[in-house]
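Biologist: I have a model open and want to learn how to read it. Can you take me through some features?

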Amino acid sequence: MRIAFHTPLNPLGDAGVSGDRRMARQLVAALESLGHAVEPVGAPKTYFREADPARFASVATEAARLRDALLAGYEAGKPQPDLWFTYHNYYRSPDFLGPDIAAALGIPYVTAESSDSPRRATGPWAAQTAVVRQGLAAGDVHFFFTDRDRQGLEPWRSEGTALLPLPPFVAPGPEPARRADPSGLPRLITVAMMRDGAKLQSYLTLARLLDRCRNEDWTLSVIGDGPCRAEIAVAFAGLPEGRISWCGQLDRSAIQAELGQHDIFLWPGIGEAYGLVYLEAQAAGLPVVAFDSGGVAETVRAGETALLVSEHDEKALAAALTSLLRDKELRDSMGAAARRFILAERTPARAAERLAEGLALALQHRGAKLQSSSGKASP
């Protein structure tokens, strides 16, 4: 099939670093592995930092113009898509294009990682939420990454709209060749952008956590950069000298190499939607220590590949970390289980199988809707 692939949050070719950009590219690769021709939709970013009515009106107007231009192009002979696929339709980046274009062309409308929140349906975000819900109602299949998203989507499940699980996935690298640390200290690693909001709160929590464990043996490598780097550095300044290595921002291959040279992946993960980095760490054979926050639990096997504790319980998080620091055999066994889990359950090949099932169902649903609509229109 020819698939129109729409990413309202960030254009597919955007050079920025984030989990959603990475997941969008992985979805495209998985769809292409099934033999489909995936064509990114040339649309501007529609992210709303604030619920600005004037900007909403402007974005909606421009989106309507683009929609009409795309439809005119298809009518004039431009190859039409056989299916429309939107990634990440939610209140801050609603899909203004897909539902109308799919309806006009009579093609399936599919989304991945859509979400809905009743509390956004009234108040300042009501207009954006209404656009999101138009897509939820129009969908033939919605793939959800986490059970939390599934719960929000349940009101939109119907005979013609399926909700299907698509667990977060990554392409694992080769088996890491580990080397012994000359110091003999367990090596912790974290990977996260240094920006305001939940990421900053996780870094500040991490600094307090390590202070609780200052008398244990460990070193920490920090991969990441961003506007809050100076504030984060201050938070870590009171830790014992020589324990922290600041690696800055690295590309994916370098991150994979670094993960393979460490023993534990440590990141509190406050408010994480799910966190691809937890999958990357497990693929490299590392056990995870984190809060049971957001969708983190969807990326691990708690108790087998990861130690998760209740969000914001820093004492429990320190205890979990300490148990791994003091038990090399436990670290090694959990790390081996982590890599097995990724290779068995969370690869692009497994994701492609689930996508194939969902696309086939979307075609069935759209066909039934068209047939029903045609029957109603007949005299």
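This is a predicted model: local features need pLDDT of at least 70, side-chain atom pairs count only at pLDDT 80 or more; totals for chains, interfaces and linings use all residues.

Modeller: Residues are numbered from 1 along each chain as its sequence is written, and side-chain values use heavy atoms, with hydrogens and water left out.

Biologist: What is phi of H88?

Modeller: Most residues other than glycine have a negative phi. H88 has a positive one, near 75 degrees. H88 sits in the loop between β3 (83-87) and α3 (98-105). Helices (H or I, at least four residues) and strands (E, at least two) are DSSP runs, numbered from the N terminus.

Biologist: Is H88 buried or exposed?

Modeller: Buried means under 20% relative accessible area, exposed over 50%, and partly exposed in between (1.4 Å probe, protein chains only). H88 has 12%, so it counts as buried.

Biologist: Where is E113 found, and what is its phi?

Modeller: E113 is in the loop between β4 (109-112) and α4 (126-138). Its phi is positive, near 60 degrees. E113 is buried too, at 5% relative accessibility.

Biologist: Which way do strands β5 and β6 run, parallel or antiparallel?

Modeller: Two strands pair if DSSP finds at least two bridges between them. Here four bridges join β5 (residues 141-144) to β6 (residues 162-165), and the two run parallel. From β5 the chain passes through helix α5 (residues 147-153) to reach β6, in a right-handed β-α-β crossover. Right-handed means that, with the strands pointing away from the viewer, the path from the first strand over the helix to the second runs clockwise. Within the pair, F143 stands opposite L164 of β6.

Biologist: What does the side chain of E314 make a polar contact with?

Modeller: A polar contact is a pair of N or O atoms within 3.5 Å; within protein, one must be able to donate a hydrogen and the other to accept it, and residues adjacent in sequence count only if both atoms are side-chain atoms. The partner of E314 is the side chain of R208, at 2.7 Å. E314 belongs to helix α10 (residues 314-325). With a relative accessible area of 16%, E314 is buried.

Biologist: How buried is T299?

Modeller: Its relative accessible area is 0%. T299 lies in the loop between β11 (288-292) and β12 (306-310). A polar atom of the T299 side chain lies 2.7 Å from the backbone oxygen of V296.
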